[in-house]
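Work through the exercises below with the model open in a viewer. Each task is followed by its solution in steps.

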Amino acid sequence: MGWYSAVGRRAFFALSPEASHRVAGRMLSLPLPWVRIGGASTDPSLAVTLAGIPLRNPVGLAAGFDKTGAHVDALGALGFGYVVVGTFTREPRKGNPSPRIARFPRQRSMVNSMGLPNPGAEASATTLGARTAPAPVFVSIADEPRDAAVATLELLSPHAAAIELNASCPNVEWGRDGGDEAHLAELVKALADRTDRPLFVKLPPFLTDAARDGVLALARVAQDAGAAGITCSNTHPVATERLASGKGGLSGRALWPHTPKIVAAVAQATGGAFPVNACGGIFTPGDVRACLDAGATTVQVYTSFIYDGPGIVGMLTRGIVAHS
Ligand SMILES: Cc1cc2nc3c(=O)[nH]c(=O)nc-3n(C[C@H](O)[C@H](O)[C@H](O)COP(=O)(O)O)c2cc1C
């Protein structure tokens, strides 16, 4: 991973996670040679079509890294097949008290309790409207009361190639919940009716059999209500004293063993032809291959971008080409 693992990561990791995120944001605003830094393969064999959207490669950047949409130009230039921005809410949000991100380097994992800080739908529409992204931008919107979510969708759809609904549904840990299912069905219907963009629903992971039934039921509900695909998965809730809130969402390698199994189960539950974006602990070309073989059309990364730096998209895309 070259300069990043030799120097860059040490410099970033000497700062707190949020301070290093701010530094990364300032760097992404500079006119650096992002295409060269990313080093993504442009091999035509990498091209995929996701719910009708042509992508140059199947490696997307997951939601939550670019929480304002201000960096879609540099992030697209790095070579990601697509960039998910947000999650956005109707009104601006400050998020939870700090500390709200902790790194667990030995596990190549993180836990966060950001609480969706973001500038709100109006400001974000202005930010996105002022930029030309070299890769399709997917806009992540929050699971809010219907009118708020619809307003966010209407403000941001014009700037999006696709929408990803961040469906948190906390009850899946304890199995199926009819309230979650009815709420998701209503929200997905309302959103899908008001946009011509494909709508993906991002679900939480399942680590137990009880949670599995709940997540698979939500995937089918989303499909029946008019979603164009599923992103699986978001972070997994855990307790940690290192965050002010005492708990947060686990991301990174600790999630990995579950990701291809979740993809396979969701693909099977939704009939096999329904697009699935794999997310959770993806670090290597072999991980990407395992997710694609399990039925995913694309993958999304976040924590490996933090641990392995901006060359991750080059490493993954070149590795997929070399192993195909
Ligand atoms: C600091 C941080 C913030 C995140 N914020 C969001 C968010 O706003 N919306 C969302 O859908 N997912 C968010 N995620 C979850 C990631 O998009 C991804 O689903 C999860 O981290 C698992 O992938 P990974 O193991 O590659 O990181 C966040 C993750 C991290 C680490």
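This is a predicted model: local features need pLDDT of at least 70, side-chain atom pairs count only at pLDDT 80 or more; totals for chains, interfaces and linings use all residues.

Residues are numbered from 1 along each chain as its sequence is written, and side-chain values use heavy atoms, with hydrogens and water left out.

**Exercise 1.** Describe the shell around the ligand by residue, class and strand.

Step 1. The ligand is surrounded by 23 residues, and the closest are Ala63, Thr87, Gly252, Gly281 and Thr303.

Step 2. Sort the shell by class, with Ala, Val, Leu, Ile, Met, Phe, Trp, Tyr, Cys and Pro as nonpolar, Asp, Glu, Lys and Arg as charged, and the others, Gly among them, as polar. The shell then holds 13 polar, 8 nonpolar and 2 charged residues.

Step 3. Assign strands as DSSP runs (E, at least two residues), numbered from the N terminus. At least two shell residues come from each of β4 (82–88), β6 (109–112) and β12 (247–252).

**Exercise 2.** Which polar side-chain atoms lie by oxygen atoms of the ligand, and how much of the ligand is buried?

Step 1. Search for polar contacts, meaning pairs of N or O atoms within 3.5 Å. A side-chain N or O atom of Thr303 is 2.5 Å from a ligand oxygen. For Lys202 the distance to a ligand oxygen is 2.8 Å, and for Lys67 it is 3.2 Å.

Step 2. Compute accessible areas by the Shrake-Rupley method with a 1.4 Å probe. The ligand alone exposes 610 Å², of which the protein buries 98%.

**Exercise 3.** Give the strand order of the open sheet and explain its edges.

Step 1. The 4 strands follow the order β5-β6-β12-β11, with antiparallel pairing.

Step 2. β5 (101–104) and β11 (236–239) are edge strands with a single partner each, so one side of each has no neighbour in the sheet.

Step 3. β11 pairs with β12 over 4 antiparallel bridges, and His236 stands opposite Leu250 in β12.

Notes:
A residue is near a molecule or strand if one of its heavy atoms lies within 4 Å of it. A polar contact is a pair of N or O atoms within 3.5 Å; within protein, one must be able to donate a hydrogen and the other to accept it, and residues adjacent in sequence count only if both atoms are side-chain atoms. Two strands pair if DSSP finds at least two bridges between them.
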